[in-house]
Amino acid sequence: MSQGATVPAPAVAPALPYLSGYAPELLEQVRGLIAQGRLGEVLRQRHPDRHEVRTDRQLYDHVAALKTRYLRNAAPLSRVLYDSSQLARPDALLQTLGTHTTVSRVQGGKLKAKREIRIASVFKDAPAAFLQMIVVHELAHLKEREHDRAFYALCTHMEPDYHQLEFDVRLWLTAMALERAGREAAPGVSPDAPVATP
């Protein structure tokens with residue numbers, strides 16, 4: 001090799017933090033789609049439908065309808081809303097996609113529990129199936145606190161394709177994180193510019 005010749009940097013396989021725990025061969029397929037620049041396209045083809053649940057009121061009604069259908073005897077919900085503080089950046093792994101909380105307050109000498117569900121506002125612009133997946137996940141926590149077999153059985157009772165949708169949501173978050181990283185690396189592009197939804 002002549003002096004001064006540059007050696008091309010080896011291609012680095014992208015980290016897939018949203019997909020930890022999945023089989024290595026599945027992750028290789030995902031990396032293949034990323035290398036071809038096709039991950040977002042595949043997701044758009046698989047999930048072309050967007051939802052119309054744009055406001056907190058619409059979200060409450062959507063969640064309440066599912067709760068009435070599947071969890072009629074579960075504790076009532078006092079509040080359901082989109083939360084812009086959850087997953088504020090698509091690559092913020094330590095933040096959450098949704099939460100179910102119970103707040104206990106004393107009212108008239110009695111202890112009353114108020115339950116609320118918050119869904120990350122990134123789901124306002126998600127495919128309809130992805131909103132369904134996260135709502136089902138949070139509703140299941142009304143009855144099952146842990147992510148155990150009973151929890152996932154309840155999720156699949158409410159949404160038979162739950163496991164595939166959870167995987168696809170993780171792919172979607174991966175695609176958004178990669179797109180944002182690309183925008184941050186591009187000169188002259190603001191990292192705070194809107195990220196296109198895959």
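## Charged and ring pairs

Glutamate 166 is buried, with a relative accessible area of 13%. Here, buried means under 20% relative accessible area, exposed means over 50%, and partly exposed is anything in between, using a 1.4 Å probe and protein chains only. Keep in mind that this is a predicted model: local features need pLDDT of at least 70 and side-chain atom pairs count only at pLDDT 80 or more, while totals for chains, interfaces and linings use all residues. Residues are numbered from 1 along each chain as its sequence is written, and side-chain values use heavy atoms, with hydrogens and water left out.

Back to glutamate 166: its salt-bridge partner is arginine 170, and their closest N and O atoms are 3.5 Å apart. A salt bridge here is a side-chain nitrogen of Lys or Arg within 4 Å of a carboxyl oxygen of Asp or Glu. The two sit 4 residues apart in helix H6, so about one helical turn separates them. Helices (H or I, at least four residues) and strands (E, at least two) are DSSP runs, numbered from the N terminus.

Searching the whole structure turns up 8 salt bridges. Another one joins glutamate 28 to arginine 31, with 3.2 Å between the closest N and O atoms. This pair, 3 residues apart in helix H1 (residues 24-35), is also separated by about one helical turn.

Then there's glutamate 116, which bridges to arginine 79 with the closest N and O atoms 3.7 Å apart. Glutamate 116 belongs to strand S3 (residues 110-120) and arginine 79 to strand S1 (residues 77-83), so the pair ties together parts that are 37 residues apart in sequence. Both also belong to a network of salt bridges that links Arg79, Asp83, Glu116 and Arg118.

On to the rings. They pair if the centres of Phe, Tyr or Trp rings (for Trp, the six-membered one) lie within 6.5 Å; planes under 30 degrees apart count as stacked, over 60 as edge-to-face and the rest as tilted. That rule gives 5 aromatic pairs. Tyrosine 152 and tyrosine 162 make a tilted one, at 6.1 Å centre to centre and 50° between the planes. It links distant parts of the chain, as tyrosine 152 is in helix H5 (residues 149-158) and tyrosine 162 is in helix H6 (residues 162-185), 10 residues apart. Elsewhere, ring pairs join Phe123, Phe130 and Trp172 into a cluster.

| Residue | Relative accessibility | Class |
|---|---|---|
| Tyrosine 152 | 22% | partly exposed |
| Tyrosine 162 | 0% | buried |
| Glutamate 28 | 48% | partly exposed |
| Glutamate 116 | 13% | buried |
| Arginine 79 | 42% | partly exposed |
| Arginine 170 | 26% | partly exposed |
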